[in-house]
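Please study the sequence and the structure first.

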Amino acid sequence: MWLKPEEILLKNALKLWVTEKDNEYFVVQRRRGYGEGGGGLTGRLVGTLDAVLDSTSKVAPFRILHHTPDSQVYWAVACGVSLCVTKEEIFQHWDWLQQNIMRTLSVFDSSEDITSFVQGKIRGLIAEEGKTSHVLEDDPEKFREAYLRFENWFALPPQEKLVTYYACSYWKGKVPCQGWLYLSTNFLCFYSYLLGAEVKLVISWDEIWRLEKTSNVILTESVHVVAHGEDHYFSMLLHLNETFVIMEQLADYSVKRLFDKEAFESERALSDPLQITKRGLEAHAKSEQFRTFFRLPKEENLLEVHESFLWVPSSHFNTLGKMCLSENYLCFASQDGSQCHIVVPMREVVNVEKPDSSSRALTVYVRGKRALRFTEVRDYRRLATTVRDRCGISASPQHAASAEVIRGECQSLINHFEDNPEDVTLMVGQKDGSKAVSTEALMTVFHPQDVENLDPKMLKEKMKEQSWNIHFSEYGRGTCMFFTRKTRDMIVRGVPEALRGELWMLFSGAVNDMATHPGYYTELVEQSLGTSTLATEEIERDLHRSLPDHPAFQSDTGISALRRVLTAYACRNPKIGYCQAMNILTSVLLLYAKEEEAFWLLVAVCERMLPDYFNRRIIGALVDQAVFEDLIRENLPQLVENMTDLSFFSSVSLSWFLTLFISVLPIESAVNVVDCFFYDGIKAILQLGLSVLDYNVEALIRCHDDAEAVTILNNVTNKDSPLPPTVQQAPVGNHEKSTHLNVDISELIRKAYEKYGNIRSEEVESSRKRNKLFVIQTLEDTTKQNVIRVVSQEVKFTPAKLDELYNLFKRQHFLSCYWTMKSPALVHHDPSLAYLEQYQLGFQQFSVLFSLLEPWAFCTNKSTLSLWVFRLIDENQDGLVNFKEFCCALDHLYCGSFTNKLKFLFKLHLPPAFTGSPLHVQEPRVPNFSAATEGAPHLSRLPDFDLPEDGVIKKSPERGRGKVDLQAYLKQWQNEILRKEETIKDLPRINQAQFIQFSKTLYNIFHGDAAEESLYRAVAHVTSLLLRMEEAGRRLQEPGGARAALPPASVDASPREAGPELPEPDWSFSFEQILASLLNEPAVVGFFERRVDIQSKVIRAQAAQLKQAVG
């Protein structure tokens, strides 16, 4: 490759390099230890030096230097990296220099001009190469050198994108190997070469079970990776934290892309695997952290960060922190994040004051006559201009004043429509159906407050409201409110009923979603009215199970509102549709928030605050259960010592996480938990869970069974609730009277924050990422075991062998997804489908894997026969083959009897497998067969496939989209049950073209066998015999008399020819005839009954699978 010209001193390298060619201006050198005689001590020492040091000039076996006659300075301009083709590569560069550069250099007068011209030319060549390369990092030249070493050492496909690399030690046993860790889009790779011992490691991210930072006596700090049941440790990293974060991001990216497609589709910034860079991953991680902390919509990206001071009102001090700017929001957080933070939507900004140069201050005015003053901002002038531009504010005071007038008029209109909601319908032309949307929280309708007769609880409630009003006057109210430690303290003490909906909207960020999507909910309600889907059927079934004892849901008002919100969300997000527990959560939201607000709160919970909770595999809840178990081990050692099996807490806590304690606590208790959840996120649920266990730790240790433990954990109430007894219902599933004393929920929450409030949200997120890998892989392992259990009933392979085949099959599926954005296998991968349908192969992937595992050498017709096998085993003709179909084919070929193997080959030459069209014939593509057959032109000519537009028949409708045809499923199930065993008499006869191809296939199968000649003669003899029998039968049936028999020479010419010349085109054979004839040939029978060891094929496939992808 060409190198950016680098100055070197030749005298320092004479002992390591040997001159191969030279001329007046260039020299070709070979590295000592490479090439002839390079296997001795010199080669080992030089190889070790090359592997450890990070310099291409030392690593490359060949290099080209530029020099001038009157200078002692040499410039490295090219090197050869690949050991197998390096000499050819370097001499191609040499020839190019001879032909294109040498003649031009003669026109220059000075050495400086010559060197300057050569350097410019080489840089131009590098720039041309860079247009199509994957090098996008800060130091392109250095990264380019590392990328070429990465390609050379690991022989991965050229599409594989190297993200970054680090020097480190890999512990192989008790001995560390110093080398290089390469992190690419799909693989973790390590290379070391020490004194002749080469260590090479390649692990795909989708195979990793655990990824964590560890330390022990030997390794102070290291990265621990668990894959394939093996532990790998990487230590002595100069930037360990940076390395670990990049590894964590790549592993998470792979999991989302390959296993959790629903979550990945929202990650548009990382959609193309060929464009992943270290810088892009870091920017994405920062934006994700930014959105999570400030509860912003997923469309927001962190654009700028500025360190500054913010004046906090009422506290009368400047707090140091960071000002963050996105497309539509200006945010600030103090250094520790807990002292103070604020979110300012750009739509709320009315003016930006002229920057103050004395204090480098930026003052932003927001609605409500409030001002935010940021001081000591480094780039305050440009930032002020940026904020003005994003808010559409002119810098002139006159324009600002006029804008304020316009905003005042708009505000007056808003106030008018709030007082006269019926005018909104007349102005915007809403349809009558939207009038059904409730504009009041259900609690205000079914539990109105009696202002005149206030009991002690209601008086306490009024005192809470007064405290919050004082807080609002000090720190603001609405979207631009300051969030401080005092705010959290007030949340812990309790939120008044009247303010609960407003504060939930504010803390969750749902207020911003609703403000930026006016009319969206109404449109969804109208769009979803009257639709019938799987989601709507499930919703109707669960409507009356949602808080059935509450009066709000004993009336049509509450039930209708719940139906509209759930149906609208199923319409918005068909990937989730509707899941159990959503009805319980939404019921509580409707009690305290208006209907549209409840919808946006549900969006915030499902899509931001509890990601991956509400789907069929509830991955998010399982991950948080694992996080909870880790916290139990850290904070409750007494409980861990007496209860070694913590899985009980996982089963109990699942409903805690899915319903935010709503299903296990009375409503008046649960809403206090929901208050804390909307402010602190999942951290609040984890803290409360620890507090519940801590409060009951002694009782839990003494309990005799799980039922008693569950009863203990559910005895929580709210003594200060203002709700009447009809609303204070018992928790779901706990109808027995408890003998234990109830504990006040407010007290539990207070203790949770006092004792476990030091748990940081960043630690929770890190634990989530660490445990997500293990949870995903555990679910995948469960899927594998279920598939193997089903398939083992159909084939003769052992479970251990099926395990190895499944791993190969799944890996082949992933190999088709690694380097493309829209692989058919990836597009149609759906974890919610039945186990057998989750991983499937298209023809291209099947052909590669089948060629590695086939028992016989199929000579030149491999692809043709693979196509026939694919068509035969693809029973539903959807262009994809599942694991069961794949194993059944291998079972026929490896474990079947002579008759079964012959029958399988016979069926390969009947429709739909064999259509009579040779593979090389160019025929027009079937228009509606595109996605699944992309890259496989053979499949475009399948006339027997009736395919939909996307190329694959859907196995099941997407959740929430189409109505399920249950009758079709039941009919298909009945047909499978009643399907009888196929006998040889059921097989149709084979015609002339099919029989000729059948004979060719037998010849190809026998190719390369030790008894090849005898097998050829046997097939020729059987062919001749069958033709004579057919000719004799036709002669006896003809009224015109007898015909001459076929001469022996016509079929004994050469077994290697395409086939015998047949006199008539209208004859055929039955399978029974072919079987009877071949049974008389001991060579053929012995060949098919010979046992073929599949283990050797599996080992070969494991080693060659990735190389086949490269090819």
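Which residue takes a positive phi in the hairpin of β11 and β12? It is H228, with phi near 55 degrees, and the hairpin has 2 residues between the strands. The model is predicted: local features need pLDDT of at least 70 and side-chain atom pairs count only at pLDDT 80 or more, while totals for chains, interfaces and linings use all residues. Residues are numbered from 1 along each chain as its sequence is written, and side-chain values use heavy atoms, with hydrogens and water left out.

**Strands**

Strands (E, at least two residues) and helices (H or I, at least four) are DSSP runs, numbered from the N terminus. Two strands pair if DSSP finds at least two bridges between them. Strands of a sheet pair through backbone hydrogen bonds, either parallel or antiparallel.

Strand β11 covers residues 222-227. With β10 (residues 208-214) it pairs in the antiparallel sense over 6 bridges, and the bridge partner of K213 is V223 in β11. On β12 (residues 230-235), 6 bridges also join the strand in an antiparallel run; here A227 stands opposite E230.

Buried means under 20% relative accessible area, exposed over 50%, and partly exposed in between (1.4 Å probe, protein chains only). In β11, 6 of the 6 residues are buried, so the strand is largely enclosed by the rest of the structure. S222, H224 and V226 point one way, and V223, V225 and A227 the other way.

An open sheet of 8 strands has the order β17-β18-β19-β13-β14-β15-β16-β20, with antiparallel pairing. Its edge strands, β17 (349-352) and β20 (483-484), each pair on one side only. Within this sheet, 9 bridges join β13 (residues 304-312) to β14 (residues 317-325), and F309 stands opposite L320 in β14.

**Helix α23**

Helix α23 (residues 619-635) has 17 residues and reaches 24 Å from its first C-alpha to its last. This is close to the expected 24 Å, where the expected span is 1.5 Å times one less than the number of residues. Because 13 of its 17 residues are buried, α23 is largely enclosed by the rest of the structure.

**Salt bridges**

A salt bridge is a side-chain nitrogen of Lys or Arg within 4 Å of a carboxyl oxygen of Asp or Glu. The whole structure has 35, including these:

| Pair | N to O distance |
|---|---|
| E20 and R30 | 2.9 Å |
| R500 and E497 | 3.1 Å |
| E804 and K801 | 3.4 Å |

E20 is partly exposed at 30%, whereas R30 is buried at 17%. R500 is buried at 1% relative accessibility, and E497 is buried at 13%. E804 and K801 both lie in helix α32 (residues 799-815), 3 residues apart, about one turn of the helix. Salt bridges also link E629, D630, R633 and R770 in a network.
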